[in-house]
There are 2 protein chains.
Amino acid sequence: MQTDRLGSFSKQYKTLVEERMREIVSQLEAPEILKESMLYSLEAGGKRIRPLLLFATLKAFGRAPEAGKDVAAAIEMVHTYSLIHDDLPSMDDDDLRRGKPTNHKVYGEATAILAGDALLTLSFNLLSQIPADIADANVKLTLVNMLSNAAGAEGMVGGQVSDMEGEGKNLSLEELEYIHINKTGRMLVYSVLAGAEIANADAETKTKLSKFAHHIGLAFQIRDDILDLEGTVDQIGKPVGSDTENEKSTYPSLLSLSGAKQELDRHIRAAKQALSSTGLDSILLNEITDLIGLRTS
Amino acid sequence: MQTDRLGSFSKQYKTLVEERMREIVSQLEAPEILKESMLYSLEAGGKRIRPLLLFATLKAFGRAPEAGKDVAAAIEMVHTYSLIHDDLPSMDDDDLRRGKPTNHKVYGEATAILAGDALLTLSFNLLSQIPADIADANVKLTLVNMLSNAAGAEGMVGGQVSDMEGEGKNLSLEELEYIHINKTGRMLVYSVLAGAEIANADAETKTKLSKFAHHIGLAFQIRDDILDLEGTVDQIGKPVGSDTENEKSTYPSLLSLSGAKQELDRHIRAAKQALSSTGLDSILLNEITDLIGLRTS
């Protein structure tokens, strides 16, 4: 499905953010076991969809994607911390993540919790130190403010709490959307808006991009739910059907499988429409949207 | 021991920071159980020594202590998050904190972990939103940068990992100091330097204040170790002798009780000397130093 254009862009900038994260963590003056645990999860692979959204947004504004490397590293660190904490025995109790043992299975719960804490803290450190030729003090502060909103109690953490509260309950579609908009959506929206912020986008364009990212966020989650039913262990790196087993409300459980697929299509179309309305050079963002709609892992 | 001057200052500004924290968390648009869990630990009391250091530093520069209320709230949130995570079963496994059940005993481990995560994230949000008449964009960014350094892998979290690694081992005095300088010291130093930053202190004064805070940080920890041996349950809010039971290296175990007391005095003297060298109006900071040296809880 992935085009050559997106494939080579993706490869280039995945490498950029992965090398940047390794460089930053390796240079920390901190206990070796902590750095090792942080790197273990940062290097566990994955699609790096959030960094790619940021890089592709910069590209859409005609800016060099490289300008986003520190913000991309910060975003991926926040995402990684959230996975480490979500996998803990008291949360989802997952032993595997992308086919590898989860952080706490390798380093123990205490170190895993602290590695997550350190990654979250480090993300703000990175934003505070973006070189001045990329972002001035006001842009950096906005990036800090937006990240803390997207990742905190009113965003990702709040979504995770609602997700836990919803387990074993029959949620309405509205409740399910609230969870996903916060748990996964806010960080996807941040990835796009952080690019727009660095590119000094106007308010109207930001609103349109925010709408675009909102829809791909929901599409991403619906696809995830569908994969949990239709994917293979190899594709999704965890047991198939684990949502059903954990009594989680999902889009297919609320809308039926075909209803969920229709809803997925609807969000993909809405995302593309919002994107197109910006008038930006959005080829790559469009292709990422297709990838989210059709991804198999 | 506490003078009337410090007593009334302390009472006034404890109330200020406590009300500010309650106001901020109450206004969050987040799941009620998350807000409740965050507030439970924020309101568990304590001396609020870090906020008081910040307020007293502002006072020493002739600035209104009120100017520090958001930074004070941010500092206390970081401190509180660290206590919630430290108390978890996989870490210190404490059931009581200041005589009350710990966060995870009341809300469960998952919510406790997430409340900690949310408090840490919120602290950066607060710093990013300090009113412009108190701090300009550059000062706010410096406060974000310094906090992320003090609280992260190279600071508090790193110290906590070293502390865990050191359990059951015979540490050298140097190793013990490394742990405490990071685990508790860095956030105490931050509290003082954040005040200096808001007051636009010059580099030389900041260096002197940093030295001052370094010594009170170590004094604070030595006093903690002594209290663990000599205090009562009522005074310290946890079982007496728990360090010995947990096979932790402490100042008394390395230096003997009287040696630890001498070391405490030495740090108190060094702190006062550094403070006096700043030429600031440091009556309150001096009294806080005495309080740290002689505190009974």
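Which helix of chain A holds Gly166(A)? Gly166(A) sits in helix 8 of chain A, which covers residues 156–166.

A note on all the views: this is a predicted model, in which local features need pLDDT of at least 70, side-chain atom pairs count only at pLDDT 80 or more, and totals for chains, interfaces and linings use all residues. Residues are numbered from 1 along each chain as its sequence is written, chains are lettered from A and ligands numbered from 1 in the order in which they are written, and side-chain values use heavy atoms, with hydrogens and water left out.

**View 1. Gly166(A) in helix 8 of chain A.** Helices here are DSSP runs (H or I, at least four residues), strands are runs of E (at least two), and both are numbered from the N terminus. Gly166(A) is buried, at a relative accessible area of 5%. For the labels: buried is under 20% relative accessible area, exposed is over 50%, and partly exposed is in between (1.4 Å probe, protein chains only). Ile179(A) comes 13 residues away along the chain, and its C-alpha atom is 8.9 Å from that of Gly166(A).

**View 2. How chain A and chain B are related.** Two copies of a chain are related by a rotation about an axis and a shift along it. Ala137(A) has the C-alpha nearest the axis in chain A, 2.9 Å from it. The copies were superposed by least squares on the C-alpha atoms of residues with pLDDT of at least 70 in both.

**View 3. Where chain A meets chain B.** On each side, 46 residues are in contact with the other chain, contact being heavy atoms within 4.5 Å. The copies meet through the same surface, because 100% of the interface residues of chain A are also interface residues in chain B. About 3,700 Å² is buried between the chains, with carbon and sulfur atoms giving 71% of that; buried area is the accessible area (1.4 Å probe) that two parts lose on being put together, summed over both. In chain A, the residues that lose the most area to chain B are Leu114(A), Thr121(A) and Leu141(A), together 16% of what that side buries. As for polar links between chain A and chain B, the count is zero salt bridges but 10 residue pairs in polar contact (both at pLDDT 80 or more). Helix 2 (32–42), helix 4 (69–86), helix 6 (109–128), helix 7 (137–151) and helix 8 of chain A each put at least two residues into the side that touches chain B. Helix 6 of chain A gives the largest share, 12 residues.

**View 4. Helix 2 of chain A, largely enclosed.** Eight of the 11 residues in this helix are buried, so the rest of the structure largely encloses it. Among them are Leu34(A), Lys35(A), Met38(A) and Tyr40(A). The cover includes helix 1 (4–26), helix 4, strand 2 (100–101), helix 5 (103–107) and helix 6 of chain A, plus helix 8 (156–166) of chain B.

**View 5. Lys183(B) and its partners.** Lys183(B) belongs to helix 9 of chain B (residues 173–198) and counts as buried at 18% relative accessibility. Its side chain makes polar contacts with the side chains of Gln160(B) at 2.9 Å and Asp163(B) at 2.7 Å. A polar contact is a pair of N or O atoms within 3.5 Å; within protein, one must be able to donate a hydrogen and the other to accept it, and residues adjacent in sequence count only if both atoms are side-chain atoms. Leaving aside residues up to four places away in sequence, Lys183(B) also touches others, including Asp86(B), Met156(B) and Lys248(B).

**View 6. A few salt bridges.** Over all chains, the whole structure has 32 salt bridges, each a side-chain nitrogen of Lys or Arg within 4 Å of a carboxyl oxygen of Asp or Glu. Asp95(A) and Lys105(A) pair up at 3.9 Å, N to O. Asp95(A) is in the loop between helix 4 and strand 1 (96–97) of chain A and Lys105(A) is in helix 5 of chain A, so this pair ties together parts 10 residues apart in sequence. Lys35(B) and Glu32(B) form a salt bridge of 3.7 Å, N to O; Lys35(B) is buried at 9%, whereas Glu32(B) is exposed at 56%.
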